[in-house]
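Subject: Handover of a structure and its findings

Dear colleague,

Please find the structure below, with its sequence. The findings follow it.

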Amino acid sequence: MAYFQRFITIWKIFYFFGFYREYSFWIPIDEEPNIPGEKPTLTLTSKTEADASNNSRYSFTLTGPDHMTIFIEPKAPTKIVNWSFNDTMIRDNWEPPYFIYYSYGKDRSPLDFYIDVEVMELFH
């Protein structure tokens with residue numbers, strides 16, 4: 001069993017300021033946690049590459065409990081250039097990882113979303 005599976009992570013989310021990584025910590029436990037309820041399922045439904053650019057669109061479907069959190073952090077040499085969420089974080093060049101909080105009431109429809117990723121040139 002991997003080391004991180006033996007611990008429950010507790011996140012102090014400072015969403016507005018983006019400091020959550022610096023304020024997280026681990027609480028050791030002696031046994032596997034029993035987390036009740038439905039678990040989130042994220043499915044990559046398609047990947048489309050643009051013909052004339054270094055962009056790809058990844059489409060996803062998320063199902064799960066009525067409150068879910070998504071952290072998105074592109075890995076070098078990529079960056080997110082567009083997505084189906086509100087564009088403030090992308091437009092204003094917020095530092096990743098990006099934090100998305102999703103909740104719903106009676107309508108249990110899956111969350112369908114996309115992320116457009118650009119592969120940056122490593123050598124100019």
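Helices (H or I, at least four residues) and strands (E, at least two) are DSSP runs that are numbered from the N terminus. Read in that way, the elements of the protein chain follow the order β-β-β-β-β-β-α-β-β from the N terminus on, which comes to one helix and eight strands. Please note that the model is a predicted one.

Overall composition

The protein chain has 124 residues, of which 22% are buried. Its accessible surface amounts to about 9600 Å², and carbon and sulfur atoms hold 55% of that area. Among the contacts in the protein chain with a separation of 6 or more, 59% are between residues 24 or more positions apart.

The sheet

Four strands form an open sheet in the order S3-S4-S8-S6, and their pairing is antiparallel. Its edge strands are S3, which spans 41-49, and S6, which spans 78-83; each of them pairs on one side only. On average, neighbouring strands of this sheet are turned by 30 degrees against each other, with direction ignored.

Within the sheet, strand S4 (residues 55-63) and strand S8 (residues 111-119) run antiparallel and are joined by eight bridges. One of the residue pairs to inspect is Asn55 with Glu118, its bridge partner in S8.

Backbone geometry

Two cis peptide bonds deserve a check in your viewer. The bond from Ala76 to Pro77 is cis, with omega near 10 degrees. Pro77 lies in the loop between strand S5 (67-72) and S6, and S6 is an edge strand of the sheet described above. Pro96 and Pro97 are likewise joined by a cis peptide bond, for which omega is about 5 degrees. Pro97 is placed in the loop between helix H1 (88-91) and strand S7 (98-103).

The loop between H1 and S7 also holds Asn93. Asn93 is not a glycine, yet it has a positive phi of about 55 degrees. Most residues other than glycine have a negative phi, and most peptide bonds are trans. Is Asn93 buried or exposed? Exposed means a relative accessible area over 50%; the value for Asn93 is 64%, and therefore Asn93 counts as exposed.

In short, the points to look at in the backbone are the cis bond from Ala76 to Pro77, the cis bond that joins Pro96 and Pro97, and the positive phi of Asn93.

With kind regards

Note on methods: Residues are numbered from 1 along each chain as its sequence is written. This is a predicted model: local features need pLDDT of at least 70, side-chain atom pairs count only at pLDDT 80 or more; totals for chains, interfaces and linings use all residues. Side-chain values use heavy atoms; hydrogens and water are left out. Two strands pair if DSSP finds at least two bridges between them. Axes are lines fitted to C-alpha atoms, for helices over the stretch in contact, and angles run from 0 to 180 degrees between N-to-C directions. Buried means under 20% relative accessible area, exposed over 50%, partly exposed in between (1.4 Å probe, protein chains only). Contact means heavy atoms within 4.5 Å. Accessible areas come from the Shrake-Rupley method with a 1.4 Å probe; for residues, only the protein chains shown count as cover.
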